[in-house]
Amino acid sequence: MDARGTATPFSTLIRTASHQQHTEAENSTFMSDLLGGRLGMDAYARYTEQLWFVYRALEDAADALRDDPVAGPFIQPELFRTPELERDLAHLRGAGWRAALTPLPATAAYAARVEECARTWPAGYVAHHYTRYLGDLSGGQIIRDKAERTWGFARKGDGVRFYVFEQIPNPAAFKRGYRELLDRVEADDLEKQRIVDECRRAFDFNGAVFRELGAEFPLSA
Ligand code: HEM
């Protein structure tokens, strides 16, 4: 913060810093093809499987981080997605979904980094938490709508439960509260910069997962 106390809020800093990568993620070949209705349900299921590894890493860490001064306030059970992902996967893949589940190399690296942050650097975990959950509460709703139309899932039903936050009736208000939490993170400027860098890294991991999914599901021209 400068002498007049007019420093950019941290929530603005982190959003601005990832803006470019956000656009890249939205325009990635895999996302464009998926949301353009050009891929089959199998590609959507494979993507949902990748998310399961990431959210398990995020949410398995919750108990250990609940009392952490930096990451603790972000641990909010209404965000948890693992049970919803598991219901979606049972719908998409059948009861035996877990036996066939494999992470792509990029997904394994992503989940490993989340676990590492959770164990050794809670502020870094916050960067990963932000990148996923705030995105799910925002663009996730666009993805849900497209998925329902493209593959015929029941509105907010099995297959798209991941995108439905039953316990967050007002996502806009929740996001405002979340940004306040970000603004209250106790960290000096250097540490905030490191968190922003980790957020960029989180976007990179997502981009790498999209690239590998794109390679697995090329469009037959
Ligand atoms: C096609 C895919 C996507 C679409 C259509 C999309 C769309 C959006 C939209 C409309 C917002 C709302 C911004 C606001 O509330 O003002 C948003 C925010 C956000 N998205 Fe995405 N998004 C997509 C992919 C992603 C991906 C892959 C990530 C990272 C994993 C991501 C992370 C975020 C984050 C962190 C925010 C919150 C920004 C902030 O307010 O701080 N999004 N997205």
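Helices (H or I, at least four residues) and strands (E, at least two) are DSSP runs, numbered from the N terminus. The model is predicted, so that local features need pLDDT of at least 70 and side-chain atom pairs count only at pLDDT 80 or more, while totals for chains, interfaces and linings use all residues. Residues are numbered from 1 along each chain as its sequence is written.

**Exercise 1. Determine where Phe162 lies and whether Phe162 is buried or exposed.**

Step 1. Phe162 is placed in the loop between α9 (140–151) and α10.

Step 2. A residue is buried if 20 or more other C-beta atoms lie within 10 Å of its own, exposed if 12 or fewer, and partly exposed in between, with C-beta atoms placed from the backbone. Phe162 has 24 other C-beta atoms within 10 Å and is therefore buried.

Step 3. Two residues are in contact if their C-beta atoms, placed from the backbone, lie within 7 Å. Not counting residues up to four places away in sequence, Phe162 touches Thr48, Leu51, Arg81, Glu84, Leu85 and Asp88.

**Exercise 2. Describe how helix α1 and α10 pack, and with which residues.**

Step 1. Axes are lines fitted to C-alpha atoms, for helices over the stretch in contact, and angles run from 0 to 180 degrees between N-to-C directions. Helix α1 (residues 10–17) and α10 pack at an angle of about 100°, and their axes are 7 Å apart.

Step 2. Angles under 35 degrees count as roughly parallel, over 145 as roughly antiparallel, 65 to 115 as roughly perpendicular and the rest as oblique. It follows that α1 and α10 are therefore roughly perpendicular to each other.

Step 3. Phe10, Ser11 and Ile14 of α1 make the contact with Arg179, Leu182 and Asp183 of α10.

**Exercise 3. Identify which residues have the most contacts inside the largest nonpolar core, and which element gives the largest share of this core.**

Step 1. A nonpolar core is a set of buried Ala, Val, Leu, Ile, Met, Phe, Trp, Tyr and Cys residues joined through C-beta atoms within 7 Å. The largest such core has 51 residues, and Val54, Val114 and Tyr130 have the most contacts inside it.

Step 2. Elements that give two or more residues to this core include α4 (41–60), α7 (105–120) and α8, and the largest share, nine residues, comes from α4.

Step 3. Val54 touches Thr107, Tyr110, Ala111, Val114 and Arg132, not counting residues up to four places away in sequence.

Step 4. Trp52 lies in helix α4 and, with 22 other C-beta atoms within 10 Å, is buried. Its contacts, not counting residues up to four places away in sequence, are Leu85, Leu89 and Leu101.
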